[in-house]
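Below is a short briefing on one protein model. It covers backbone exceptions, strands, aromatic contacts and chain totals.

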Amino acid sequence: MLKQNLQLKLSQKLSPQQIQLMKLIQLPTQAFEQRLQEELVENPALESGKEENVDFDEYGDSSVDDYDDYDNEHIDADDINIDEYLSNDETPDYKYQSNNYSDDDEDRSMPFVAGVTFHQDLLNQLNTFILNDTEKDIAEFLVGSIDDTGYIRRTVQDMVDDMAFTQGIYTDETTIQNILKHIVQELEPSGVGARDLQECLLLQLKHKTPTESVELAIDIIENQFDAFTKKHYDKLIQKYEVSKEQLRKAIDEIEKLNPKPGSGFTGNQKPIEHIVPDFTIRIVDGELELSLNGRNAPELHVSKDYQEMLQSYKVTNEKSSAQKDAVQFIKQKLDSAKWFIDAIKQRQETLFVTMNAIMHYQEEYFLDGDETKLKPMILKDIADLVGLDISTISRVANSKYVETPYGTKLIKDFFSEAMKNTEGEDVSTIEIKKILQNVIDEEDKRKPLPDDKLAEILKEKGYPIARRTVAKYREQLDIPVARLRKKI
């Protein structure tokens, strides 16, 4: 038996415009510029730069919530109030900075010289060897198997099979081993063509001028690699019957080597991605001053040509079907341009008010740069101050940078949980990590401090935390365990 009933249900749903606004807020400066250019290309009703002879109504102060989702809604051209889109001699209330970029801003694009690639350089070196056709084909295949770090990660048998199936080159493991050892591994930079780290280090050491330290280093890598990686120095001293000074010199030779020889090739390096700060904090007369990167405040306006199109339609007595379709298109583009301009204004205001709250919350730190003065701060603290949702604060902090007198910082790094010290005061975990870093930096590297000893020292300094917490903070600081910090 079928039954019908009526049920009321309240639910929250973000409009497409609100979703797009959240996406805009999340974008850092460089990504925002790219998004802006995409919008300018896609929407001909949106223009950038200063607007001359402005007499176009920029729609007032309506918010994103005022927009209806009309993408799938048919609008009769006769129902469009053309006057809403035409001039009323009012000056636009939305104006941004006079220039998109300050004199200090970097160029929007940086040219890079296209050099010879790593693999092309290796192939060029092969031309200096006297090889028959088969040897050359095998050597070129081996070079093609080298990754960007300089290693061959495939087994010899795999390469034998691959050459047979894909290139019709029939060879054996012995031939490949010989060409690899006597040709490919002789290429520069030394160490290329190695199958693992041990072989890579050996290749580089064997290219060095023979000395007592180099010979000892070769023996250690070749025969005592495991003991070396685990820093069992006492075992090495006993094994080779050498002094600590002799072992230290051998280890110095090893530490000078490049574990990724391919990465050091100039032509193989990717263009450096420069960080563009989204904010700048300066100290002026003892007071903090915050500014938003000028690239986040572009000058935008609605195309005057589209206004003229609507004016022409309004004065036309006979309106064809094609004209009505054109007016619907124009209205959609104008509404989209209006929303995008308002969204950028809201983005700008949201970024500024959020960073301003963070700056004042961490005022002590920004005035002198002492990281131990960073207060415990979570997203909710800033959300409560500015009256925004926690998710919005997260979007602002997640991928934005601020330029300070002490360097360019990732904003999310200013957020941290609170822990209580021995005096019952809330302290930031950032403060504890900084002190832990200082303790490790000042330790005797011949006898590094284990985690339990580090916990004791922190407790003496007024920070009672467990050994496992010390281990967690140490790993977050990318500091190895005591055994691997040992130096001879």
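Pro-189 lies in the loop between α6 (173-182) and α7 (197-206), where helices (H or I, at least four residues) and strands (E, at least two) are DSSP runs, numbered from the N terminus. The peptide bond from Glu-188 to Pro-189 is cis, with omega near 0 degrees. This is a predicted model, in which local features need pLDDT of at least 70 and side-chain atom pairs count only at pLDDT 80 or more, while totals for chains, interfaces and linings use all residues. Residues are numbered from 1 along each chain as its sequence is written, and side-chain values use heavy atoms, with hydrogens and water left out.

**Backbone**
- Most residues other than glycine have a negative phi, and most peptide bonds are trans.
- Lys-231, in the loop between α9 (225-229) and α10 (233-240), has a positive phi near 55 degrees.
- Glu-241, in the loop between α10 and α11 (244-255), also has a positive phi, about 55 degrees.
- Glu-241 is exposed, with a relative accessible area of 72% (buried means under 20%, exposed over 50%, partly exposed in between; 1.4 Å probe, protein chains only).

**Strands β2 and β3**
- Strand β2 (residues 279-284) pairs with β3 in the antiparallel sense over six bridges; pairing requires at least two DSSP bridges between two strands.
- The two strands form a hairpin with two residues between them, and Asp-285 in the turn has a positive phi of about 55 degrees.
- Ile-283 stands opposite Leu-288 in β3.
- In β3 (residues 287-292), Leu-288, Leu-290 and Leu-292 make up the covered face, and Glu-287, Glu-289 and Ser-291 the uncovered one.

**Aromatic rings**
- The structure holds five aromatic pairs (rings of Phe, Tyr and Trp, its six-membered ring, with centres within 6.5 Å; planes under 30 degrees apart are stacked, over 60 edge-to-face, the rest tilted).
- The ring centres of Tyr-365 and Phe-414 are 5.7 Å apart with planes at 55 degrees, so this pair is tilted.
- Because Tyr-365 is in helix α14 (residues 363-368) and Phe-414 in the loop between β6 (407-410) and β7 (418-420), the pair ties together parts 49 residues apart in sequence.
- The charged end of Arg-347 sits over the ring of Phe-32, 4.0 Å from its centre (NZ of Lys or CZ of Arg within 6 Å of the ring centre and within 35 degrees of the ring normal).

**Whole chain**
- The protein chain has 20 helices and eight strands.
- Buried residues make up 40% of its 488 residues.
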